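Reader: I would be grateful for a close look at a single part of this model, with its surroundings described in turn.

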Amino acid sequence: MKKLIMVKYASEIFLKGLNKGKFEKKLRDNMKRSLKGLEYTFVHDSGRWFLEGSDVDEIIERLMKVFGIAEICVVSQIETDYDAIKAKALEEVKESGAKTFKIETNRANKTFAYNSMEINREVGAYVLDNLQDITVDIHNPECMVHIDVRDNTYVYSKPIKALNGMPYGTNGKTLLMLSGGIDSPVAGYMMARRGVEVDCVYFHSPPYTSERAKDKVKKLAEILTGYIGRTNLYVVPFTDIQMQIIEKCREDELTIIMRRFMMSIACRIAKDNEIHSVATGESIGQVASQTMQGLVVSNDCADRPVFRPLIALDKIDIMDISRKIGTYETSILPYEDCCTIFVPKHPKTKPILEQIRKSESILDKEKLIEEAIEKTEIIRL
């Protein structure tokens with residue numbers, strides 16, 4: 001008997017038909033990248049994936065950040081022998097200390113003499129005969145023993161839920177508008193979970209935003225790399241643009257015009273770097289610029305799809321995900337960003353597109369955008 005780590009990938013991958021192999025290969029590549037520096041062996045048994053390595057805890061910790069993995073289990077590989085199966089199932093239940101249990105069998109090896117129902121019944125009876133004060137509960141057992149009969153047989157009872165989603169890098173690329181707040185890192189995580197590669201753009205307004213604010217955004221991007229491996233962070237100098245907007249535009253339109261400039265710059269950077277889309281952390285109605293009318297006016301500047309994965313989530317939902325993925329404590333650090341330092345007292349919540357276009361027409365928009373892009377810093381993480 002030996003211990004292995006079983007990896008079950010997301011059920012969506014099974015539905016890819018003739019393309020399934022492409023998704024499996026990408027997931028394997030992502031796993032290898034995640035496990036770089038560790039010693040392990042990849043084992044394949046009748047469609048099931050296993051890893052054998054000495055540092056089990058470290059392997060599991062790293063695989064828990066790989067999109068496309070649904071479940072990770074430490075399993076015991078034993079001989080495909082009925083007595084060995086019954087003995088190992090009994091050991092799993094006994095060690096759990098549970099008062100109720102259930103046996104669940106998957107018999108991929110059809111040459112084995114007993115079918116799944118027979119194995120469940122016979123192994124369950126064996127456990128009942130050899131343990132006191134325990135009963136079967138098929139609906140909500142305290143201990144579920146899984147028996148997977150393949151070329152070898154694998155027994156386990158403590159599966160660990162992983163991230164699920166699609167393998168990273170299988171669904172195009174997006175440019176995330178990353179601020180120092182709670183929402184945008186979560187949006188980047190959610191896009192990555194669907195297999196979309198993520199680069200980031202941050203708008204920096206010194207001296208109104210400090211180097212600490214920039215370092216905070218860099219730290220958030222670094223946390224995301226724990227899931228995506230690497231990213232490019234484009235740091236766009238935004239002070240001149242903000243000053244021009246403040247000096248020449250109506251106060252109640254400052255935020256929406258600023259957002260239009262950001263969208264235009266993000267799309268230009270995306271175009272120059274062959275990035276297919278832009279993503280934001282906007283949630284409908286959360287702040288004044290995120291009304292339906294405000295989003296329509298912002299989208300007017302986009303030349304490619306703008307994805308808003310948080311659009312229907314409330315702040316509590318977003319904060320919960322932020323804590324789960326490890327960005328929350330960094331996001332709440334009290335360093336300002338350019339979206340919050342010049343907020344008008346009464347921002348326009350229902351902007352009209354033609355009016356906003358007219359208001360910003362007094363600005364040399366193209367020149368301001370070109371100058372900002374020319375001075376953009378690229379940080380590779």
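Which residues does Ile265 touch, not counting residues up to four places away in sequence?

Author: In this predicted model, Ile265 touches Phe203, Val236, Phe238, Ile241, Ile369, Ala372 and Ile373, with residues up to four places away in sequence left out of the count. Ile265 also belongs to the largest nonpolar core, a set of 33 residues in which Val201, Ile245, Phe261 and Ile265 touch the most other members. Two or more residues of this core are given by each of β10 (173-177), β11 (197-204), β12 (232-237), α8 (239-248), α9 and α14. The largest share, 12 residues, comes from α9. In soluble globular proteins, nonpolar side chains tend to be buried together.

Helices α9 and α14 also take part in the packing of another helix, α13. The buried residues of α13 pack against α9 (254-272), α10 (292-299) and α14 (365-374). Helix α13 spans residues 353-360, and its buried residues are Ile356, Ser359 and Glu360. Because these buried residues fall within an arc of 90° when seen down the axis of α13, they line one face of the helix. Glu354 and Lys358, on the other side of α13, are exposed.

As for cysteines, the structure holds zero disulfides. Cys249 is in no disulfide, and the nearest cysteine sulfur, that of Cys301, lies 13 Å away. Cys249 is buried, its relative accessible area being 11%.

Terms used
Residues are numbered from 1 along each chain as its sequence is written. This is a predicted model: local features need pLDDT of at least 70, side-chain atom pairs count only at pLDDT 80 or more; totals for chains, interfaces and linings use all residues. Side-chain values use heavy atoms; hydrogens and water are left out. Buried means under 20% relative accessible area, exposed over 50%, partly exposed in between (1.4 Å probe, protein chains only). Helices (H or I, at least four residues) and strands (E, at least two) are DSSP runs, numbered from the N terminus. The arc is that of the directions from the helix axis to the C-beta atoms. Contact means heavy atoms within 4.5 Å. A disulfide is a pair of cysteine sulfur atoms within 2.5 Å. A nonpolar core is a set of buried Ala, Val, Leu, Ile, Met, Phe, Trp, Tyr and Cys residues joined through side-chain atoms within 4.5 Å.
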